[in-house]
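Please keep the sequence and the model in view while reading.

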Amino acid sequence: MGTLSAPSSHSKTSRTRTSERPHITELPMTWRNWWKYADWLNVYFVVIIPLIGCYWAWFTPLQTKTAIWAIIYYFNTGIGITAGYHRLWAHTSYSATMPLKIYLAAVGAGAVEGSIKWWARGHRAHHRYTDTDKDPYSVRKGLLYSHIGWMLMKQNPKRIGRTDITDLNEDPLVIWQHKHYIPVVALMSLIFPMSVAGLGWGDWKGGFIYAGILRIFFVQQATFCVNSLAHWLGDQPFDDINSPRDHVLTALVTLGEGYHNFHHEFPSDYRNAIEWFQYDPTKWAIWTWKQLGLAYDLKQFKSNEIEKGRLQQMQKKLDRIRAKLDWGIPLGQLPIIEFEDFQEQARNGKALIAVAGVIHDVGDFIKDHPGGGAMINSGIGKDATAMFNGGIYNHSNAAHNLLSTMRVGVIRGGCEVEVWKQAQQENKDISFVNDSTGARIARAGAQVTRIPEPIIPAQPA
Ligand SMILES: [Zn+2]
Ligand SMILES: [Zn+2]
């Protein structure tokens, strides 16, 4: 259910009966039963009536006053959903005084998206079970499904995730609106907007079609975008474990609900956009109501917490870029070689150089060495730690990075490197900085070949 069809409470007998018979969604779809899959009431209200409205609009001239009124009422009913149904009732991100609550419950009903109770229950399930089978509008089932399909198709009530709505059941206004949903929605979605245009400037028909039917259609499609577009288009600055995304386009369409990655991370924050320049008119409305004494207890996450999430996500992205680069064979995977063997191999023509206990094969690099071939040749078969770290030339960070890609072995007893490797084999706890994928990070200037203080060479070069 989703639009005009506020759910009625099931009796005990109907509950037993439904649990005995398999739900239609559990049966295979055939030519005979396909029509049973559709929620026809919703198909009628979300698709057929708007189509009839478009047809009528063709024969109904649009008066300027009616157009302005339709737009004004569009924003009011939209705010009813975003500031009312969503941020006030589903997330309790602020508290509202009774006059404001009555206004939001009334204009929210004018958007024809079900009762507050029904809407908030589904939305809480969406947050609790995002992207899973229990998410009533999971984008994993397709963009169209998350936008509108979930309402046009019958949903298996056993599948929808359970959520706690005791607070809503204790809210007399929510209960009243749920009980009297049909008359409330008829009044607020059609009769009221039509009467304003009719009594105001005599345009009853235009008021009914433009401020009523077509305005409902646009509000519905815009707010449905939060379930579809906001889980599909944009960035994920706070977390990428699930589908919610931030995008200005979605925000423009949905009265500021488009910063949806932030919203799923900090759902009880009354804001969706945290920067002053981002478009979040719902936030501005709530803030203004606070200044007018209509709203209070606006909840806001500490910027320290928000920035931590943003930084961690940035780190994750960096790690992904880092993982694509060649950092040389990890030290733990290199063979351990005796110093004598290393010297022997170098004598036999291999261009091996040891720096900080790590053996490097520089054969292919000699001709490209910026300091000339002679310099690099003088280090072959030797421990060139001191030469490399300032004895002859204090090599740059880039040089250490490049050197690491030439690693071929580790010398037994070669400085800390072999000690570290030994400890790894013995399963001792040695802490190194690891990225989010578990790979060891070499920070700028922190390659293993780099010796912090330049070493004074034993013999002047
Ligand atoms: Zn969402
Ligand atoms: Zn939400």
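## Annotated spans and overall make-up

In this predicted model, the span of residues 181-202 is 95% helix and 0% strand, and its end C-alpha atoms lie 28 Å apart. That span is one of those to which UniProt, in an unreviewed entry, gives the feature "transmembrane region", the record placing this feature at residues 41-59, 71-90 and 181-202. Over residues 71-90 the chain is 100% helix and 0% strand, with a separation of 26 Å between the end C-alpha atoms.

The protein chain as a whole contains 19 helices and six strands. It has 461 residues, of which 38% count as buried. Among contacts in the chain with a separation of 6 or more, 70% are between residues 24 or more positions apart.

## Helix pairs

Two packed helices are described by the angle between their axes and by the distance between those axes.

| Helix pair | Angle between axes | Axis distance |
|---|---|---|
| α9 (residues 181-201) and α10 (residues 204-224) | about 140 degrees | 7 Å |
| α2 (residues 40-59) and α10 | roughly 135 degrees | within 10 Å |
| α3 (residues 64-90) and α13 (residues 281-291) | about 70 degrees | 10 Å |

Helices α9 and α10 pack at an angle of about 140 degrees, which makes α9 oblique to α10. The crossing of these two helices is right-handed. On the α9 side the contact is formed by Ser-189, Leu-190, Pro-193, Met-194, Val-196, Ala-197 and Gly-198, which meet Trp-204, Gly-206, Gly-207, Phe-208, Ala-211, Gly-212, Arg-215 and Ile-216 of α10. By class, the residues of this contact divide into nine nonpolar, five polar and one charged.

Helix α10 also takes part in a contact with α2, and here the axes cross at roughly 135 degrees, so that α2 is likewise classed as oblique to α10. In this case the crossing is left-handed. The α2 residues Val-46, Ile-49, Pro-50, Gly-53, Trp-56 and Ala-57 meet Ile-209, Tyr-210, Ile-213, Leu-214, Phe-217 and Gln-220 in α10. The contact of α2 with α10 has ten nonpolar and two polar residues, and no charged ones.

Helices α3 and α13, whose axes form an angle of about 70 degrees, are therefore roughly perpendicular to each other. Ile-79, Thr-82, Ala-83 and Arg-87 of α3 meet Thr-282, Ala-285 and Ile-286 of α13. Four nonpolar, two polar and one charged residues make up this contact.

## Residues with positive phi

Most residues other than glycine have a negative phi. Which values does phi take at Asp-131 and Asp-297? At Asp-131 phi is positive, at about 70 degrees, although the residue is not a glycine, and at Asp-297, also not a glycine, phi is positive at about 55 degrees.

Asp-131 belongs to the loop between α5 and α6 (143-152), and it counts as partly exposed because 17 other C-beta atoms lie within 10 Å. Asp-297, for its part, is placed in the loop between β2 (295-296) and α14 (303-323), and this residue counts as exposed because it has 11 C-beta neighbours inside 10 Å.

Is Glu-113 buried or exposed? Glu-113 lies in the loop between α4 (98-109) and α5 (116-128), and it counts as buried because it has 27 C-beta neighbours inside 10 Å, the cut-off for this class being 20 or more. Its C-alpha atom is separated by 9.5 Å from that of Phe-224, a residue 111 positions away along the chain.

Gln-447 is found in the segment after α19 (415-425). With 21 C-beta neighbours inside 10 Å, Gln-447 also counts as buried. Leaving aside residues up to four places away in sequence, Gln-447 touches His-400, Asn-401, Ser-404 and Ala-442.

Technical notes
Residues numbered from 1 in each chain as written. Chains lettered and ligands numbered in written order. Predicted model: local features only at pLDDT ≥ 70, side-chain atom pairs only at ≥ 80, totals over all residues. Helix = DSSP H or I, 4+ residues; strand = E, 2+ residues; numbered from the N terminus. Buried ≥ 20, exposed ≤ 12 C-beta atoms within 10 Å, placed from the backbone. Contact = placed C-beta atoms within 7 Å. Axes fitted to C-alpha atoms, helices over the stretch in contact; angles between N-to-C directions. Parallel < 35°, antiparallel > 145°, perpendicular 65-115°, else oblique. Left-handed = near helix turned anticlockwise from the far one by under 90°. Nonpolar A, V, L, I, M, F, W, Y, C, P; charged D, E, K, R; others polar. UniProt positions renumbered as here; feature names shortened; annotations may be inferred.
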